[in-house]
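The entries are in the order in which I looked things up.

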Amino acid sequence: KEYLRNYSVTLNDLVTYLNRDGQIKFAQDICKEWQRRVRESYHKSKEEKPRNEDGSIKWEDVYRLYGTTLLGMLITKSFVFAFQIGDGDIVLVDQDSIAPVVETEKILGTETHSLSKVDAWRKAVSVVRRKNVDADKPYLYMLSTDGFVNSYASDADHQKTCRDYYDMIGEHGFE
């Protein structure tokens, strides 16, 4: 919301900013805000705090307790901004295809680039895509954590489910 407020005069300035700094500055801002909220929540908890030798709170250990994947999109009439930290998928489904919106580094096993890492912003991925304003073709963006994709035996099974959601919404609407 802050970015939209700062660039509300023209979306072209926001597109330029996100293209130039989206993967770094935007990711740093997201991580800083997430860490601030974790610290605020944790200070309110009654749990015993992990401490360093000097008595200060061991924030790296606390962040691991709150680790998460973050997927997000800003969709406007003229462009789409997609952002991701951690495992998951953002796909675009239309009548012709199912395609990833962002390309992420695939990690084997249970290792992940979660927000729980102090420097999680370094592994963030983002993309800005211009939209064809004149195109009136239906489409669906699906955002899911890795648990959704990993629950299928194959990519083909996952894509079939994406197609099924697209078709059901086309037939029955969003309600």
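**Entry 1: the chain.** I note at the start that this is a predicted model. I counted the secondary structure and got five helices and six strands. Reading along the sequence, I wrote the pattern down as α-α-α-β-β-β-β-β-β-α-α. I then took the extent of the C-alpha trace, which spans about 60 × 45 × 30 Å along its principal axes. The chain has 175 residues, and 33% of them count as buried.

**Entry 2: the largest pocket.** How much space lies in the largest pocket? I have about 770 Å³ for the largest pocket. Its lining is made of 24 residues, and those closest to the centre are K1, E2, Y3, F26 and I30. I asked next which elements supply the lining. Helices α1 (2–6) and α2 (11–44) each give at least two residues, as do strands β1 (70–75) and β2 (79–85). The most comes from α2, with ten residues. By residue class, I sorted the lining into 14 nonpolar, three polar and seven charged residues.

**Entry 3: Q84.** I went on to Q84, which lies in strand β2. Is Q84 buried or exposed? Q84 counts as buried because its relative accessibility is 1%, under the 20% cut-off. I looked for a polar partner of its side chain. A polar atom of the Q84 side chain lies 3.0 Å from the backbone oxygen of G86. I then listed what Q84 touches, leaving out residues up to four places away in sequence. The list holds L70, L71, D89, I90, V102, T104, K123, A124 and V125.

**Entry 4: cysteines.** How many disulfides does the structure hold? I found zero disulfides. For the record, a disulfide is a covalent bond between the sulfur atoms of two cysteines. I checked the accessibility of two cysteines. C31 is buried, with a relative accessible area of 4%. C162 is also buried, at 0% relative accessibility.

**Entry 5: K32.** I placed K32 in helix α2. K32 counts as exposed because its relative accessibility is 54%, and exposed means over 50%. V118 is 86 residues away in sequence, and the C-alpha atoms of K32 and V118 are separated by 9.4 Å.

**Entry 6: T161.** I found T161 in helix α5, which covers residues 155–172. At 15% relative accessibility, T161 counts as buried, since the cut-off is 20%. What does T161 touch, not counting residues up to four places away in sequence? I have F148 and Y152. T161 and V125 are 36 residues apart along the chain, and their C-alpha atoms are separated by 25 Å.

Definitions and conventions
Residues numbered from 1 in each chain as written. Predicted model: local features only at pLDDT ≥ 70, side-chain atom pairs only at ≥ 80, totals over all residues. Heavy atoms only, no water. 1 Å grid on protein atoms, 1.4 Å probe; cavity = no way out; pocket = protein on both sides within 12 Å on 5 of 7 lines; lining within 4 Å. Points joined across faces, edges and corners; volume = space filled by probe spheres on them. Helix = DSSP H or I, 4+ residues; strand = E, 2+ residues; numbered from the N terminus. Nonpolar A, V, L, I, M, F, W, Y, C, P; charged D, E, K, R; others polar. Buried < 20%, exposed > 50% of the residue type's maximum accessible area, 1.4 Å probe, protein only. Polar contact = N/O pair within 3.5 Å; in protein donor to acceptor, adjacent residues only side chain to side chain. Contact = heavy atoms within 4.5 Å. Disulfide = S-S within 2.5 Å.
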